[in-house]
Amino acid sequence: MLLRLSHDRLEENLLLRPYTVRDALLRLRDVMMEESHDEDLPAGEELLNLLAEYCQLQRAVLYRVHHGDIDPRPVAMLGENKPLDTRDSLLRFTLENRVMSHVQMRDMDVAYTGFYWVCAPVMNSGEQMVGMVVVERMPFLSINQETLQLFSVLLNFYADIVQHGPEVDELCTAWPGMPPVFGRELVALNGLAKERKVDSTLVRFSADGSQQARQIVESLQRGRRNLDGFWWVDERHADLVLLMPMTGESGLESFMLRTEKMLQDDYAFADLRQAGLTYSHHSVNGGPVLDQIAELLGVDHVR
């Protein structure tokens with residue numbers, strides 16, 4: 001048990017030294033607009049400022065990408081930058097291969113002589129490239145796996161929230177009571193899970209109809225972490241789903257231990273069953289989100 005927990009925590013903490021993915025995603029979500037259809041890439045300046053803080057960017061520009069073509073007009077800038085060089089070989093490599101590229105790569109056919117350090121596509125889970133971050137300056141030693149992985153996580157999350165694909169619409173059509181922001185974040189985190197970058201978990205609590213069980217579920221909703229999303233599947237019957245980003249098996253076990261301790265300390269119940277609650281969970285796995293929600297709710301087909 002201890003060995004498994006230690007291994008799980010090692011995987012969960014892979015990105016966290018010295019950066020905190022949870023804090024970075026929380027701050028990114030806080031600065032982004034809830035409705036993102038009025039602008040292609042909203043909160044671009046805030047995005048670059050976060051990347052400067054967490055990934056050590058010093059000079060960078062965010063550009064729009066439409067159908068594989070980059071718009072040379074900046075959406076947002078960090079520091080003083082040169083006009084976009086659309087013929088730059090690192091930029092062309094990034095656009096053609098749809099992957100983050102940097103000056104230390106060995107995949108380029110010829111030695112790179114341009115002035116970009118990193119070119120990072122802003123791509124959602126539907127594999128639609130909606131933007132590009134072009135970095136002119138950052139500390140050379142910061143171009144490492146940990147920093148670039150965090151860079152990619154933040155851009156993927158941003159892309160899925162501001163330019164979500166059809167999966168979010170399908171979710172909200174299948175379950176009209178699901179808040180759109182919950183659907184967007186679930187799809188965004190599912191994309192990160194598919195790329196094995198971040199583990200997340202869905203947790204469901206349902207009350208048995210008693211007033212006290214309802215109060216406990218409401219308490220769990222109010223006491224959730226700031227980063228956790230929530231969806232009242234049926235608020236009248238206290239049927240709640242929590243979306244817990246950056247939570248793998250050990251994180252879930254810790255959460256459930258805290259929940260049981262709360263039941264014992266505050267309500268004198270030994271466990272969830274005695275409290276009148278049913279519980280289930282599902283690890284976000286990168287598969288179709290409609291199927292994952294259906295599995296969590298125990299339905300055979302989408303309504």
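This is a predicted model: local features need pLDDT of at least 70, side-chain atom pairs count only at pLDDT 80 or more; totals for chains, interfaces and linings use all residues.

Residues are numbered from 1 along each chain as its sequence is written, and side-chain values use heavy atoms, with hydrogens and water left out.

Most residues other than glycine have a negative phi. Gln56 has a positive phi, near 70°. Gln56 sits in the loop between helix H3 (44-55) and strand E1 (59-66); helices (H or I, at least four residues) and strands (E, at least two) are DSSP runs, numbered from the N terminus. Arg98 is not a glycine either, and its phi is positive at about 60°. Arg98 belongs to the loop between helix H4 (89-97) and strand E3 (101-102).

Ser142 is in the loop between strand E5 (129-137) and helix H5 (145-162). Leaving aside neighbours within four places in sequence, Ser142 contacts Cys55, Gln56 and Thr147, where contact means heavy atoms within 4.5 Å.

Now the packing. A nonpolar core is a set of buried Ala, Val, Leu, Ile, Met, Phe, Trp, Tyr and Cys residues joined through side-chain atoms within 4.5 Å; buried means under 20% relative accessible area, with a 1.4 Å probe and protein chains only. The largest such core has 65 residues, of which Leu57, Val133, Phe151 and Trp175 touch the most other members. H5 gives the most to this core, 11 residues. A second, separate core has 21 residues, including Leu242 and Phe255.

Conventions: Buried means under 20% relative accessible area, exposed over 50%, partly exposed in between (1.4 Å probe, protein chains only).
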